[in-house]
Amino acid sequence: MPTPSDSRLHTIPLERMPVADVLTCVEPFTAARAPEIELLAQAAVRLRKPAGAPIIEEGSTPDGLYVVLRGRVNLVRAGEGNRDLILMTVGPGDVVGETCAFDRGHATTAAIAAVPVEVLKIPADVLSAHLRREPESMMRLMQLVADKLRDIESVASSLALHDVEERLRRTLVRLARRQSRMSPTASQSLVLAPVPTQSELARMVGSCRETVSRTLSAMARDGLVSSSGRRMILDPRLVGTVAA
């Protein structure tokens, strides 16, 4: 079985890899023993969801941990008047539903496919049994939960403390940093690809699509962002204004 350091795995899309190889590449399983990986792989199920389909519904009891293999998943909190807020967007290699292992309460956010997605589901009881046998996986899972809570707290504080333009700046940089893509042509520039729709960005910053469109146009005129197809390049001046 390939190890997490096997560089070959990083060039293969996750949806094309055997399940066991996928698990060795994603947290919280990167330190798990080979027999444990095989047990998880045997119980895992691949699922495909169309855009807009729920993976986890708000108010439901999560029935497993889902590893995103392809596409984007939005973590969404419902609001009043048919409005909702996107708290976070995750992509290939990320997980959702991780609290199913130790909290059987109702989910406070929904996980919704932003585009057609493929995910790998590990049932909650299988995950719980694995964590009892592998304390290192439990520690890594807790770190994932802590990191996600930190990101969501950052979104909440930004909504309370910053105007729409600053919230949009911070959101674009945060999304690009999660992807860890640097521009090959512009030093210290970040690349965001694919770019969320303007409607999605509006739901991330608590605004409307028209305001986001005007703000992006102003940022483009100032040279802070530039677009090419489904890619957006964030200028170093923009990146430097947002703390890592």
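Arg 48 has Glu 118 in β8 as its bridge partner. Strands β1 and β8 run antiparallel and are joined by five bridges, and they belong to an open sheet of four strands, whose order is β1-β8-β3-β6 and whose pairing is antiparallel. At the edges of this sheet stand β1 and β6, each of which pairs on one side only. Helix α3 packs on the sheet, where it touches β3 and β8, and the direction of α3 makes about 60° with that of β8.

The residue ranges of these elements, in this predicted model, are as follows.

| Element | Residues |
|---|---|
| Strand β1 | 45-49 |
| Strand β3 | 64-70 |
| Strand β6 | 95-96 |
| Strand β8 | 117-123 |
| Helix α3 | 124-133 |

In soluble globular proteins, nonpolar side chains tend to be buried together. Here the largest nonpolar core has 25 residues, and those that touch the most other members are Leu 23, Phe 29, Leu 65, Val 67, Leu 120, Ile 122 and Leu 127. Two or more residues of this core are given by each of α1 (19-25), α2 (34-43), β3, β8 and α3, with α1 providing the largest share, four residues.

Which residues is Ile 122 in contact with, leaving aside its neighbours within four places in sequence? Ile 122 contacts Leu 23, Phe 29, Leu 40, Ala 44, Gly 64, Leu 65 and Leu 127.

Terms used:
Residues are numbered from 1 along each chain as its sequence is written. This is a predicted model: local features need pLDDT of at least 70, side-chain atom pairs count only at pLDDT 80 or more; totals for chains, interfaces and linings use all residues. Side-chain values use heavy atoms; hydrogens and water are left out. Two strands pair if DSSP finds at least two bridges between them. Contact means heavy atoms within 4.5 Å. Axes are lines fitted to C-alpha atoms, for helices over the stretch in contact, and angles run from 0 to 180 degrees between N-to-C directions. A nonpolar core is a set of buried Ala, Val, Leu, Ile, Met, Phe, Trp, Tyr and Cys residues joined through side-chain atoms within 4.5 Å. Buried means under 20% relative accessible area, exposed over 50%, partly exposed in between (1.4 Å probe, protein chains only).
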